[in-house]
Structure formats: C-alpha cells, structure tokens
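User: I would like to go through this model term by term. Please set each value against its cut-off.

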Amino acid sequence: MAELSRRSGLAVPTIKYYLREGLLQPGRRTGVNQAVYDVPHLERLRLIRALAKVAGLPLHTIREVVRAVGDGSTVLDTLAITQDALVGAVEPEPSDPGAEALLARVIEARGWRAHPASPAYAAALRAVAELRAEDLTMLVDHLEDYARAADEVGRIDVEAVGGADDLDEMIRGVVLGSVLRRPLLDALVLLAQQHHAGALGRDPGEGADGHPRGRR
C-alpha cells in the first residue's frame, strides 16, 4: 500500500477510500493486514486521479467512467461516456432554428458522425446560438473554418491516445488531454492572433499611439 501510494501520488487514506467505494479492486491478500498491488491497480489509480483531481468530476461520475472501463464496454462506448462526463450538463438555450440549421449544416459538411443528444452537441449548439444572439456575424460566418480546425485537433487527440497500452491509459489520456490542452490551445490561438494581427499594419502589443502597451 505504501509503495502504491508513493507511485500513484495519492495518500494511503485516499486509496483506502477508493477501495471502500469499489473504484479500485482489492489487492491479492498475502496476510491479515497485507496485500499485493500490481500495475493495473496503479493504472486505475492514475485514471481516478485524472478524473477527480484534474477534471474535478464528482464521485458518481467517476464511478460511471470506471465501470465502463472495467465491464468490457467497447472503446467507443467508453470514450463517449468519458466525453459526456467531461462536458457535463448543458443548460438549454431558447430555441434558435437558425443556429440549429447552421450547426447541422457544418457537421454534415465535415461528415462527422455526431449525436444530437450528446452534451457536446448541446454545448456546440449553445455556443452558436450565443454568437448569433450577440450578433457576432463575423465569427458565425467562419463556423466552417472553426470546424475544420477542430477536426484537425480532434484527429490529433485520437491519434495521440490511440497508442495507449490499455483502456485505462487511453481514457486517462483523453481526460488529461481534454482538460490540459484547453489552456494550451487557447494560448496558442492568442499567439496566432498576435502574428496575424500584424497583417493589419500594427503590432497587437502596441496601443493606439504606437507605443508598447503593458511592457516594462
């Protein structure tokens, strides 16, 4: 147990809690108060840690993902459960037929096998509806371009985790990749904006008077 704690980065009481909750299978008993834990136990703890500490998911949601990983579900079904857990519940937007039609058209153009009942679909629909509500036509008009960029990121994500040795490691990669990639991708987009804004004739780091802004 002490070695498992050291290698997983989780405290012994936390590991015991996961054992009591059925998230982690018991080790092989070698004595009254001793048990042997192996690599699958470590991988499962790393997955649980990613779901709990990094993604911040509640226990009942973690249990759903762990159950899917352990009960022989297909990779696609397990990925779907994990993705739904990461997106979470999405508050419905007031009906916007225009946004619905636009999103459906873009998804069809990309050839995506998307599920309208999924939280990811609801989140995308809400985002498009909010852009339309704010009259951000200049962004809405480029929705197909955003979808093309998203397609490439999604392809890279799947290829990156596809080489995992087992399902636990693959789902852990999906969780960590989805959560930790967001700030990285946002920052890279900001850097790209700085670069392309130069084509407008002014350094994005300069103020209206041409002097550097916020630099010391």
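Analyst: Start with a helix pair. The axes of helix α6 (residues 97-110) and helix α7 (residues 119-133) come within 9 Å and cross at roughly 125°. Helices here are DSSP runs (H or I, at least four residues; strands are E, at least two), numbered from the N terminus. This is a predicted model: local features need pLDDT of at least 70, side-chain atom pairs count only at pLDDT 80 or more, and totals for chains, interfaces and linings use all residues. Residues are numbered from 1 along each chain as its sequence is written, and side-chain values use heavy atoms, leaving out hydrogens and water.

User: What are the axes, and over what range do the angles run?

Analyst: Axes are lines fitted to C-alpha atoms, for helices over the stretch in contact. Angles run from 0 to 180 degrees between N-to-C directions.

User: Why are α6 and α7 called oblique to each other?

Analyst: Angles under 35 degrees count as roughly parallel, over 145 as roughly antiparallel, 65 to 115 as roughly perpendicular, and the rest as oblique. The α6 and α7 axes cross at roughly 125°. The pair is therefore oblique. Its crossing is right-handed, a word used if the near helix is turned clockwise from the far one by less than a right angle (anticlockwise is left-handed).

User: Which residues of α6 and α7 meet?

Analyst: G98, A99, E100, L102, L103, A104 and I107 in α6 meet Y121, A124, L125, V128, A129 and R132 in α7. Contact means heavy atoms within 4.5 Å. The residues divide into 10 nonpolar, one polar and two charged. Ala, Val, Leu, Ile, Met, Phe, Trp, Tyr, Cys and Pro count as nonpolar, Asp, Glu, Lys and Arg as charged, and the others, Gly among them, as polar.

User: What makes α9 oblique to α10?

Analyst: The axes of α9 (residues 143-162) and α10 come within 10 Å and cross at roughly 140°. That angle makes α9 oblique to α10. This crossing is right-handed. V153, D157, V161 and G162 in α9 meet M170, G173, V174, R181 and L185 in α10. The contact holds five nonpolar, two polar and two charged residues.

User: Why is T78 called buried?

Analyst: Buried means under 20% relative accessible area, exposed over 50%, and partly exposed in between (1.4 Å probe, protein chains only). T78, in helix α5, has a relative accessible area of 0%, so T78 is buried. Beyond its neighbours within four places in sequence, T78 is in contact with A68, V69, S73, L167 and I171.

User: And why are G22 and D135 classed as they are?

Analyst: G22 has a relative accessible area of 46%, so G22 is partly exposed. G22 is found in the loop between α2 (12-20) and β1 (28-31). D135 has 58%, so D135 is exposed. D135 lies in the loop between α7 and α8 (137-140). D135 also has a positive phi of about 55°, although it is not a glycine.

User: What is the largest nonpolar core?

Analyst: A nonpolar core is a set of buried Ala, Val, Leu, Ile, Met, Phe, Trp, Tyr and Cys residues joined through side-chain atoms within 4.5 Å. The largest has 28 residues; Y18, L45, L51, I62 and I171 have the most contacts inside it. α2, α3 (39-54), α4 (59-70), α5 (75-87) and α10 (167-197) each supply at least two residues. α10 gives the most, with seven. A second, separate core of eight residues includes A99, L102, L143 and A147.
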